[in-house]
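Hi,

Here is the structure I promised to send over. Have a look first, and my notes on its voids and rings follow below.

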Amino acid sequence: MDLWQPDTGETLLARTPIAFATGAAAPVSGMRWFRDTHRDDIQNELEGWPEGPTYMARSAGGSTARTLLRGAVLGTGLAIKAFLSMHGGNIAGTPTANAGTDTPGDPADEVHDFPVLWAAPRTIARTLPWQLDPDRSRAHRYRTHAVITDRRLAIVGFDYIKGAEDFICDDLLWEISRSSLQAVELRNFKHGKDTRIVFSDGSWCRLSSPTSAGRERLTRYLIEPLDFIPLQELTSAQRTTAETFAAAQAADAQPPLVKRNPCGCFRIEVVAPSMTVATFGHPGLNTTMDASGKELTPMEHHPQDFLT
């Protein structure tokens with residue numbers, strides 16, 4: 001394992017798999033586009049990018065016909081749900097297992113079009129690496145991970161060998177200072193695993209994580225303030241709990257990162273680079289303690305302890 005590591009004095013916060021997102025609404029299902037601010041396709045203008053596929057959104061009429069035909073086989077209820085979904089509709093009361101929703105937050109960019117890069121000439125988003133595109137990077141044999149530190153967002157890539165989860169030899173593909181990030185926005189349409197990152201010049205990208213937990217690791221420390229509590233400012237009992245939890249992890253575990261939750265409890269996070277795996281990145285090692293320093297059981301958590 002040859003992992004990319006931050007500089008001395010820089011704190012590693014999270015690592016998770018990412019790629020450019022993929023459309024889910026029927027007109028754009030399985031597709032993605034790279035756009036300028038006039039909605040023109042710019043993929044052939046991106047420096048160093050190999051050639052990729054050219055997509056064309058399906059017409060509403062054609063998509064509707066296919067959806068209804070499929071519904072004749074699957075059943076009327078499923079056909080109606082797919083039809084409404086294609087048009088950006090929602091079905092009230094439909095249960096969801098995660099943050100996903102059938103209501104698009106932005107139909108222009110999620111139903112009628114699906115840009116994953118929105119970039120005027122000479123803007124930051126145009127510098128992103130082509131390896132993020134599953135259509136170009138041999139998705140079954142290559143992986144891209146986001147690495148978040150207290151100073152930057154980096155993207156690394158490596159060849160993937162199925163079954164060899166700890167065989168990682170990173171190449172640093174791209175990096176940017178946190179000061180160049182303007183906003184990090186959760187995008188929940190359909191799967192609840194997408195994130196839009198807006199850069200300081202107004203350009204943006206839409207990325208997808210393979211799991212909701214992966215998106216949480218990507219976004220938590222890009223959205224939340226990095227107001228970690230120095231260990232010396234904890235009570236003796238709190239510090240003992242934090243350090244004991246860290247010591248129970250891998251030998252290369254970093255000092256624990258402690259934050260106060262809105263309810264008054266404390267989240268303890270530990271990063272141990274050696275626990276990184278190719279498919280899921282770093283697992284996110286964390287626990288919660290109360291103000292007295294007592295580590296909480298799952299049944300003792302408050303709802304606020306789970307907020308990202």
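How do the residues of the lining of the largest cavity divide into nonpolar, polar and charged? They split into 7 nonpolar, 3 polar and 1 charged, where Ala, Val, Leu, Ile, Met, Phe, Trp, Tyr, Cys and Pro count as nonpolar, Asp, Glu, Lys and Arg as charged, and the others, Gly among them, as polar.

Before the rest, the ground rules. This is a predicted model, with pLDDT of at least 70 needed for local features and 80 or more for side-chain atom pairs, while totals for chains, interfaces and linings use all residues. Residues are numbered from 1 along each chain as its sequence is written, and side-chain values use heavy atoms, with hydrogens and water left out.

Voids come from a 1 Å grid over the protein atoms alone: a cavity is a set of points where a 1.4 Å probe fits but cannot get out, a pocket is an open set with protein on both sides within 12 Å along at least five of seven lines, and lining residues have an atom within 4 Å of a point. Volume is the space filled by probe spheres set on the points, which are joined across faces, edges and corners.

There are 5 cavities of 30 Å³ or more, and the largest holds about 80 Å³. Its lining includes L3, W4, R15 and H282. Strand 1 (residues 12–17) contributes the largest share of that lining, 3 residues; strands are DSSP runs of E, at least two residues, and helices runs of H or I, at least four, numbered from the N terminus.

The largest pocket has a volume of about 420 Å³. It is lined by 24 residues, with I18, A19, P134, S208 and P210 the closest to its centre. Strand 5 gives the most to this lining, 3 residues.

On to the rings. I get 7 aromatic pairs (Phe, Tyr or six-membered Trp rings with centres within 6.5 Å; planes under 30 degrees apart are stacked, over 60 edge-to-face, the rest tilted). F34 and W49 are edge-to-face, 5.2 Å centre to centre with 80° between the planes. F34 sits in strand 3 and W49 in the loop between strand 3 and helix 1, so the pair ties together parts 15 residues apart in sequence. W118 and W204 are stacked, at 5.8 Å and 5°. Both are buried (under 20% relative accessible area, 1.4 Å probe, protein chains only).

Cheers

Key
Buried < 20%, exposed > 50% of the residue type's maximum accessible area, 1.4 Å probe, protein only.
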